Amino acid sequence: AKPLVAIVGRPNVGKSTFFNRITGTKLAIIEDTPGVTRDRIYADAEWLGKEFTLIDTGGVDMNTDDVILKQMRIQAELAIDAARLILFFVDGKTGITSEDYEVAKMLRKSGKPVIVVVNKTDNKTDEQNIFDFYELGLGNVMGISSAQGLGIGDLLDEVAGEL
Ligand code: GDP
Ligand code: MG
């Protein structure tokens with residue numbers, strides 16, 4: 001089986017936008033409403049001769065009693081368990097949130113290799129925010145813009161290098 005690369009992070013950081021750009025599918029549902037992607041979606045991908053399966057998870061929403069959001073968190077945990085590598089998506093425009101810290105804690109506990117992906121790094125000004133995310137204590141922080149298609153190649157180089 002191909003190694004699994006899981007995309008995790010709180011809702012609305014751009015996980016599905018990235019997934020769709022990489023896989024060329026429109027399988028993931030993208031909406032402005034946070035947490036709208038509810039299914040774990042798999043797609044095969046290849047970069048630099050390395051084949052892997054990408055998993056787009058629903059958002060990891062930590063502080064809620066809502067049944068659907070609890071379900072999404074369980075899906076994310078399953079994806080993390082199965083993953084060889086985790087792409088932890090955060091939002092470079094909003095900065096670190098308390099939910100990001102919660103997800104970071106969960107990822108540290110998993111012991112899996114993590115790349116912190118600072119999405120929404122759309123321009124030079126946004127690039128200045130990338131380094132703030134070292135505060136999450138997971139190392140390996142990279143800025144991309146899934147919407148503009150910036151930094152994607154460099155990120156995939158890093159992914160291929162980890163597999
Ligand atoms: P998800 O909940 O993490 O899967 O996030 P989505 O992929 O559904 O995206 C949430 C919102 O962020 C949508 O309005 C996207 O258009 C927007 N978005 C995604 N990537 C970027 C990006 O690189 N830059 C900016 N400015 N917006 C983005
Ligand atoms: Mg989504």
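This is a predicted model: local features need pLDDT of at least 70, side-chain atom pairs count only at pLDDT 80 or more; totals for chains, interfaces and linings use all residues.
Six strands form an open sheet. Their order is β2-β3-β1-β4-β5-β6, and the pairing is mixed. Strands of a sheet pair through backbone hydrogen bonds, either parallel or antiparallel. Two strands, β2 (41–47) and β6 (141–143), stand at the edges. Each has a single partner strand, so one side of each is left without a neighbour in the sheet. On average, neighbouring strands are turned by 25° against each other, direction ignored.

The pairing of β2 with β3 can be followed in detail. These two strands run antiparallel and are joined by seven bridges. Asp44 has its bridge partner, Thr53, in β3.

Helices pack on this sheet. Helix α1 touches β1, β2, β3, β4 and β5. The direction of α1 makes about 150° with that of β3. Helix α3 lies across β1, β4 and β5. Relative to β4, α3 runs at about 170°.

The nonpolar core is considered next. In soluble globular proteins, nonpolar side chains tend to be buried together. Here the largest nonpolar core has 33 residues. Those with the most contacts inside this core are Ala6, Ile7, Val8, Ile86 and Phe88. The strands that give two or more residues are β1 (4–8), β3 (50–56), β4 (85–91) and β5 (114–119). The helices that do so are α1 (15–23), α2 (67–82), α3 (98–110) and α5 (152–162). Strand β4 supplies the largest share, five residues.

Ile86 shows how parts of the chain meet. Leaving aside residues up to four places away in sequence, Ile86 touches Ala6, Val8, Ile80, Leu107, Lys112 and Val114. Two of these partners, Ala6 and Val8, are themselves among the core residues with the most contacts.

Most residues other than glycine have a negative phi, and most peptide bonds are trans. Asn12, in contrast, has a positive phi, near 80°. Asn12 lies in the loop between β1 and α1. Asn12 has 18 C-beta neighbours inside 10 Å and therefore counts as partly exposed. Asn140 also has a positive phi, near 40°. This residue sits in the loop between α4 (124–127) and β6. Asn140 counts as partly exposed because 13 C-beta neighbours lie inside 10 Å.

Terms used. Residues are numbered from 1 along each chain as its sequence is written. Chains are lettered from A and ligands numbered from 1 in the order in which they are written. A nonpolar core is a set of buried Ala, Val, Leu, Ile, Met, Phe, Trp, Tyr and Cys residues joined through C-beta atoms within 7 Å. A residue is buried if 20 or more other C-beta atoms lie within 10 Å of its own, exposed if 12 or fewer, and partly exposed in between; C-beta atoms are placed from the backbone. Helices (H or I, at least four residues) and strands (E, at least two) are DSSP runs, numbered from the N terminus. Two residues are in contact if their C-beta atoms, placed from the backbone, lie within 7 Å. Two strands pair if DSSP finds at least two bridges between them. Axes are lines fitted to C-alpha atoms, for helices over the stretch in contact, and angles run from 0 to 180 degrees between N-to-C directions.
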